[in-house]
Amino acid sequence: MAMIRIAAPITRLSRRLAAHRGGSVLIEFAFGLPVFVGLTLAGLEAANLALANQQISSMARMVSDVSARGRATMDEGEIQEIFFGAKDGARRLNFAQRGRIILSSVQNNAAGDGQWIVWQRCTGVRTVTSKYGATDTGKTGSTLPTIGGLDLDGTRVTPGITAPTGNALMFVEIEYQYQPLITNLIFGEPVIRYEKGFVVRERTNFGITNTTSKPTASCTTYSA
């Protein structure tokens, strides 16, 4: 009888312990928390990468579009303003230190057998050069490749376009090495590149002046 009396409380205690699931919930939470945190961080990084792509694409379109607008001639001071505005708008991306803007004025050459980079200006620390050449590439002979896969409004098509006869094309190449928001273990630090081109509107003089004695944004200089 004594053993029965002792066994009964032990049995009831065992049942209560078996029914109590507080500890298992903590264990499940401990296992699930790293997965939840990892997915959250990956989602934030993916969103930041998508926003960086969108911002670089918009920057390329803006620089090309603004530089193709009216005025009698393009001026070094105006180019400095365009570049400053583009980099200032991308401060969140640390663009000046991790990116490069290459602006080329492209026309048909005198012989009419190729595209000619009449002048070219650049900004940004990233060490990269134009895929299409430097100033005076294509001046003689058809050495400049057709500007890669862009329609007149900047949308991508195949096989690409050339500058209209008697006009100039303001062509922009932008390259940026992505700076991770959290860690480079998720996507690394991929290079984002966009190209946009707009035909010059209203302007009939396609050269470049320096009426305000501004420093030239030379493509042999790599600075912010």
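## Nonpolar surface patch

L33, F36, V37, L41, L44, L181, I182, L185, I186 and F187 together make up a nonpolar patch on the surface, with about 900 Å² of accessible area. Patches are built from residues with over 30% relative accessible area and no salt bridge, where like charges are joined within 9 Å and nonpolar side chains (Val, Leu, Ile, Met, Phe, Trp, Tyr) within 5 Å. Accessible areas come from the Shrake-Rupley method with a 1.4 Å probe, and for residues only the protein chains shown count as cover. The model is predicted, so that local features need pLDDT of at least 70 and side-chain atom pairs count only at pLDDT 80 or more, whereas totals for chains, interfaces and linings use all residues. Residues are numbered from 1 along each chain as its sequence is written, and side-chain values use heavy atoms, with hydrogens and water left out.

I182 counts as partly exposed because its relative accessibility is 38%; buried means under 20% relative accessible area, exposed over 50%, and partly exposed in between (1.4 Å probe, protein chains only). I182 and L41 are 141 residues apart in sequence, yet their C-alpha atoms lie 7.4 Å apart in space. With neighbours within four places in sequence set aside, I182 is in contact with L41, L44 and E45, contact meaning heavy atoms within 4.5 Å.

## Overall architecture

The protein chain contains four helices and eight strands, in the order α-α-β-α-α-β-β-β-β-β-β-β from the N terminus. Helices (H or I, at least four residues) and strands (E, at least two) are DSSP runs, numbered from the N terminus.

Of the 224 residues in the protein chain, 39% are buried. The protein chain exposes about 12400 Å², of which carbon and sulfur atoms supply 60%. Among contacts between residues at least 6 apart in sequence, 70% join residues at least 24 apart.

## Disulfide

One disulfide is counted, a disulfide being a pair of cysteine sulfur atoms within 2.5 Å. The partners are C122 and C219, with their sulfur atoms 1.9 Å apart. The link of C122 and C219 is right-handed, with 85° about the S-S bond. C122 belongs to strand 3 (residues 115–123) and C219 to the segment after strand 8 (208–209), so the pair ties together parts that are 97 residues apart in sequence. Both C122 and C219 are buried.

## Aromatic pairs

A pair of aromatic rings is described by the distance of the centres and the angle of the planes. Rings of Phe, Tyr and Trp (its six-membered ring) pair if their centres lie within 6.5 Å; planes under 30 degrees apart count as stacked, over 60 as edge-to-face and the rest as tilted. The count comes to two aromatic pairs. F95 and Y176 are stacked, at 5.9 Å centre to centre and 25° between the planes. F95 lies in helix 4 (residues 95–98) and Y176 in strand 6, so the pair ties together parts that are 81 residues apart in sequence. F95 is buried at 1% relative accessibility, and Y176 is buried with a relative accessible area of 0%.

Y132 and F171 form an edge-to-face pair, at 5.3 Å centre to centre and 85° between the planes. This pair links distant parts of the chain, with Y132 in the loop between strand 3 and strand 4 (147–150) and F171 in strand 6, 39 residues apart. Y132 is buried, its relative accessible area being 8%, and F171 is buried at 1% relative accessibility.

## Salt bridges

The structure holds 10 salt bridges, each a side-chain nitrogen of Lys or Arg within 4 Å of a carboxyl oxygen of Asp or Glu. In one of them, the side chains of R98 and E189 meet at 2.9 Å, N to O. R98 lies in helix 4 and E189 in the loop between strand 6 and strand 7, 91 residues apart. R98 counts as buried at 18% relative accessibility, whereas E189 is partly exposed at 32%.

R126, K131, E173, E175, R193 and E195 are linked in a network of salt bridges. E195 and K131 form a salt bridge at 3.4 Å, N to O, with E195 in strand 7 and K131 in the loop between strand 3 and strand 4. E195 is buried, with a relative accessible area of 6%, while K131 is exposed, with 54%. E173 and R193 also form a salt bridge, their closest N and O atoms being 2.5 Å apart; E173 lies in strand 6 and R193 in strand 7, 20 residues apart.
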